[in-house]
Amino acid sequence: MSEPTWKKLVAELKRKGHESPYLDRLRDHLPTHLGGNDLAAEILREMASALGRSEDKINAALLELEVLGLAIDELVAAGTERNQVEIRARVAAFNEGRTRAEQALWELRVHREALGFVRNDDLASLYPIPPRRRV
């Protein structure tokens with residue numbers, strides 16, 4: 001299996017000294033070990049691992065939005081006419097990324113519910129999706 005793309009992003013942002021709760025969550029992600037070698041324990045480990053991958057997906061999506069948002073803010077602050085084309089392109093990328101983040105959050109919610117986690121009200125506060133950007 002290939003390495004998730006978010007791992008390269010995490011390494012690059014860590015090297016740049018970027019601070020973010022989403023980056024911290026991804027950086028601190030450790031595989032779940034439940035112990036035991038029987039089939040039931042193996043199934044539980046895989047379920048926990050799959051749930052962790054769902055969480056990684058939303059954290060990576062939110063981190064991408066955070067980085068795109070900062071880039072947009074920098075371009076807007078520069079305020080040159082030449083930046084308008086770049087701003088529009090980055091806003092479009094941001095809004096596409098936002099759609100992916102909404103999908104990832106929905107997938108995490110469904111995944112948790114499928115595993116029996118019935119209280120998912122706090123997901124929106126743990127994984128806040130920023131509003132759409134406008135040019």
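This is a predicted model: local features need pLDDT of at least 70, side-chain atom pairs count only at pLDDT 80 or more; totals for chains, interfaces and linings use all residues.
Colleague: Why is Asn-59 called buried?

Modeller: Asn-59 has a relative accessible area of 1%. Buried means under 20%, so Asn-59 counts as buried. This residue lies in helix H3, which covers residues 39–78.

Colleague: Which residues is Asn-59 in contact with, leaving aside its neighbours within four places in sequence?

Modeller: Asn-59 is in contact with Tyr-22, Arg-25, Leu-26 and Tyr-127.

Colleague: Why is Met-47 called partly exposed?

Modeller: Met-47 has 33% relative accessibility. Together with Ile-43 and Leu-44, Met-47 makes a nonpolar surface patch of about 250 Å².

Colleague: What makes Arg-133 and Asp-73 a salt bridge?

Modeller: The closest N and O atoms of Arg-133 and Asp-73 are 2.9 Å apart. A salt bridge requires a side-chain nitrogen of Lys or Arg within 4 Å of a carboxyl oxygen of Asp or Glu, so this pair qualifies. Arg-133 lies in the segment after helix H5 and Asp-73 in helix H3, so the pair ties together parts 60 residues apart in sequence.

Colleague: What makes the charged end of Arg-133 count as sitting over the ring of Phe-94?

Modeller: The charged end of Arg-133 is 5.2 Å from the centre of the Phe-94 ring. The distance cut-off is within 6 Å, and the charge must also be within 35 degrees of the ring normal.

Methods
Residues are numbered from 1 along each chain as its sequence is written. Side-chain values use heavy atoms; hydrogens and water are left out. Helices (H or I, at least four residues) and strands (E, at least two) are DSSP runs, numbered from the N terminus. Buried means under 20% relative accessible area, exposed over 50%, partly exposed in between (1.4 Å probe, protein chains only). Contact means heavy atoms within 4.5 Å. Patches are made of residues with over 30% relative accessible area and no salt bridge: like charges are joined within 9 Å, nonpolar side chains (Val, Leu, Ile, Met, Phe, Trp, Tyr) within 5 Å. Accessible areas come from the Shrake-Rupley method with a 1.4 Å probe; for residues, only the protein chains shown count as cover.
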